[in-house]
Amino acid sequence: MNRMVSGTVHGVGTASVVGQLSGVPVEVGSSGVEFAMSFLVLNTNQPLLILGLDQMRKYKALVDLDKQQLTFGGHGGISVPFLPPPTQVRQPDLPREMLGLAPGECVVM
């Protein structure tokens with residue numbers, strides 16, 4: 001993790017940025033298609049993933065609220081369902097030490 005990247009993110013609340021992970025391979029659904037993405041690591045205990053508009057534009061993401069899915073690659077692309085309710089969201093399988101995360105740090109992008 002690059003701890004040279006720091007700052008504060010603002011939205012509904014605020015959180016401090018403690019670093020950045022770059023070039024992380026992310027598979028979209030069970031499609032077998034991977035994207036290399038960068039993530040900011042926040043100092044928060046909440047398990048969350050924020051897909052920003054810059055990333056959505058880059059990967060031509062379409063949000064379909066009726067079908068409860070996100071499609072990458074524009075019309076005819078790869079569709080994945082929205083995340084389950086928070087009680088069903090699980091933490092990533094990667095060990096925190098592998099990502100260089102300290103207790104209380106969370107990955108967002």
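**A walk around β5**

Strand β4 (residues 62-64) pairs with β5 in the antiparallel sense over 3 bridges. Strands here are DSSP E runs of at least two residues, helices are H or I runs of at least four, and both are numbered from the N terminus; two strands pair if DSSP finds at least two bridges between them. Before going on, note that this is a predicted model, where local features need pLDDT of at least 70 and side-chain atom pairs count only at pLDDT 80 or more, while totals for chains, interfaces and linings use all residues. Residues are numbered from 1 along each chain as its sequence is written, and side-chain values use heavy atoms, with hydrogens and water left out.

Back to the β4 and β5 pair. Val63 has Leu70 as its bridge partner in β5, and Leu62 has Thr71. The two strands make a hairpin with 4 residues between them, and Gln68 in the turn has a positive phi of about 55 degrees.

On to the next strand along. β5 also pairs with β6 (residues 78-81), again in the antiparallel sense, this time over 4 bridges. This is a hairpin too, with 5 residues between the strands, and Gly73 in its turn has a positive phi of about 95 degrees. Put together, 3 strands form an open antiparallel sheet in the order β4-β5-β6. β4 and β6 are the edge strands with a single partner each, so one side of each has no neighbour in the sheet. Ignoring direction, neighbouring strands are turned by 25 degrees against each other on average (axes are lines fitted to C-alpha atoms, for helices over the stretch in contact, and angles run from 0 to 180 degrees between N-to-C directions).

Now look at the side chains of β5. Gln69 and Thr71 point one way, Leu70 and Phe72 point the other way, and all are buried (buried is under 20% relative accessible area, exposed is over 50%, and partly exposed is in between, with a 1.4 Å probe and protein chains only).

Follow Thr71 first. Thr71 stands opposite Ser79 in β6, and a polar contact of 2.6 Å joins their side chains (a pair of N or O atoms within 3.5 Å; within protein, one must be able to donate a hydrogen and the other to accept it, and residues adjacent in sequence count only if both atoms are side-chain atoms). Setting aside residues up to four places away in sequence, Ser79 touches Gln69, Leu70 and Thr71, contact meaning heavy atoms within 4.5 Å. Because its relative accessibility is 36%, Ser79 counts as partly exposed.

What about Leu70 and Phe72? Along with Phe35, they have the most contacts inside the largest nonpolar core, which has 13 residues (such a core is a set of buried Ala, Val, Leu, Ile, Met, Phe, Trp, Tyr and Cys residues joined through side-chain atoms within 4.5 Å). At least two core residues come from each of β2 (14-27), β3 (34-43) and β5 (69-72), and β3 gives the largest share, 4 residues. Beyond its neighbours within four places in sequence, Phe35 is in contact with Val24, Pro25, Val26, Val28, Tyr59 and Phe72.

Finally, zoom out. The chain has 2 helices and 7 strands, running β-β-β-α-β-β-β-α-β from the N terminus. Of its 109 residues, 28% are buried.
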